[in-house]
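Thanks for coming, everyone. Please bring up the model on your screens, and I'll talk you through it.

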Amino acid sequence: MPPEWAASGAKLGLTLELEFSNEPADYEMNKERLLKGDALMGSKLYTTYPLNEPTFVSNNGTEVVKVLPGAYGCQIQQVQSQQYALRFFMDCPDGATRNDVELPAERIYFLSSCWNVEDERVLTRAVKRQKEMEESIQQITQQLDIIEKEQQDNNLFQKALKFRESVDLVEKRGKLKVQLQELEQAYPLQSGSVMRGPNDIMFAKEGVIAVKRLRGAMGTREQYHWIGTFTYNEFFEDE
């Protein structure tokens with residue numbers, strides 16, 4: 001986003017209720033490559049309907065944001081953890097502006113993740129692995145603290161040996177932290193960051209809002225620029 005965008009610290013918050021239907025999206029919407037599925041999910045996109053007209057308060061009073069139907073699709077990201085990329089878009093033909101914060105008058109993309117973990121044992125193993133990594137990182141940190149204290153009384157030769165040991169431990173801890181981060185990104189392990197939705201699917205609470213820009217000599221290379229974030233508040237199932 002441009003550096004001057006939202007430089008004042010102002011926010012544009014909207015409450016939008018959506019229906020993720022089983023109706024196939026129309027031909028034009030099916031051209032959206034970002035939303036396309038893969039061999040496991042199929043290549044069809046389905047229609048997303050707005051159920052309300054979001055509003056916000058500006059210097060002009062209460063303003064209504066026009067939102068038109070869009071589409072959604074899924075892509076498998078991690079087969080083992082059954083993590084999917086859930087992506088959808090809505091068309092905002094008039095956009096919205098509050099101070100120096102602007103919702104562009106165009107197609108707005110929403111990017112997030114969800115998990116369809118049918119076997120709870122998968123999550124149990126991931127939680128166990130998470131705990132083991134956290135304990136190993138803590139133990140290494142304690143070892144490094146002990147070495148640092150011992151260094152004060154060691155001679156030059158002992159300090160050289162301990163320095164090498166410290167380097168090895170720091171490298172090991174760094175690798176464990178990377179592995180832990182990858183594990184926590186692949187599985188819904190952070191209870192405060194995920195919520196359960198329909199059919200026991202787990203959703204990441206927060207996602208990214210983006211707009212599309214075409215680059216390249218022929219204007220065929222798609223780039224997506226983040227302009228904000230969104231949060232799922234609640235899910236409802238059809239009865």
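Some ground rules. This is a predicted model, so to speak with care: local features need pLDDT of at least 70, side-chain atom pairs count only at pLDDT 80 or more, and totals for chains, interfaces and linings use all residues. Residues are numbered from 1 along each chain as its sequence is written, and side-chain values use heavy atoms, with hydrogens and water left out.

Rings first. Rings of Phe, Tyr and Trp (its six-membered ring) pair if their centres lie within 6.5 Å; planes under 30 degrees apart are stacked, over 60 edge-to-face, and the rest tilted. That rule gives 12 aromatic pairs. Take Phe20 and Phe88: their ring centres are 5.2 Å apart and their planes sit at 90 degrees, so this pair is edge-to-face. It links distant parts of the chain, with Phe20 in strand β1 (residues 18-24) and Phe88 in strand β6 (residues 83-91), 68 residues apart. Strands here are DSSP runs (E, at least two residues), helices likewise (H or I, at least four), numbered from the N terminus.

Phe20 counts as partly exposed, at 32%. Phe88 counts as buried, at 3%.

Phe88 also pairs with Phe110, and that pair is stacked: 4.8 Å centre to centre, 10 degrees between the planes. Phe110 lies in strand β9 (residues 107-115) and Phe88 in β6, so the pair ties together parts 22 residues apart in sequence. Phe110 is buried, as is Phe88. Phe20, Phe88 and Phe110 belong to one aromatic cluster, which also includes Tyr46, Tyr72 and Phe203.

Next, the hairpin. Two strands pair if DSSP finds at least two bridges between them. Strand β3 (residues 55-58) and strand β4 (residues 61-64) pair in the antiparallel sense over four bridges. Two residues separate β3 from β4 in this hairpin. Which residue of β4 is the bridge partner of Thr55? That is Val64.

Cysteines now. A disulfide is a pair of cysteine sulfur atoms within 2.5 Å. The structure has zero of them. For Cys114, the closest cysteine sulfur is in Cys74, at 4.7 Å, which is too far for a bond. Cys114 is buried at 7% relative accessibility. Cys92 is buried too, at 6%.

Two backbone notes. Asn99 is not a glycine, yet has a positive phi of about 55 degrees. Asn99 lies in the loop between β7 (96-98) and β8 (101-103). Asp200, also not a glycine, has a positive phi of about 60 degrees. Asp200 lies in the loop between β10 (194-196) and β11 (202-204). Its relative accessible area is 49%, so Asp200 is partly exposed.

Last, the second largest pocket. On a 1 Å grid over the protein atoms alone, a pocket is an open set of points where a 1.4 Å probe fits, with protein on both sides within 12 Å along at least five of seven lines; lining residues have an atom within 4 Å of a point. Grid points are joined across faces, edges and corners, and volume is the space filled by probe spheres set on the points. This pocket has a volume of about 380 Å³. It has 22 lining residues, and the closest to its centre are Gln83, Ser113, Trp115, Ala204 and Glu206. β6, β9, α2 (156-186) and β12 (206-215) each give two or more residues to the lining. β9 gives the most, with four.

Technical notes. Buried means under 20% relative accessible area, exposed over 50%, partly exposed in between (1.4 Å probe, protein chains only).
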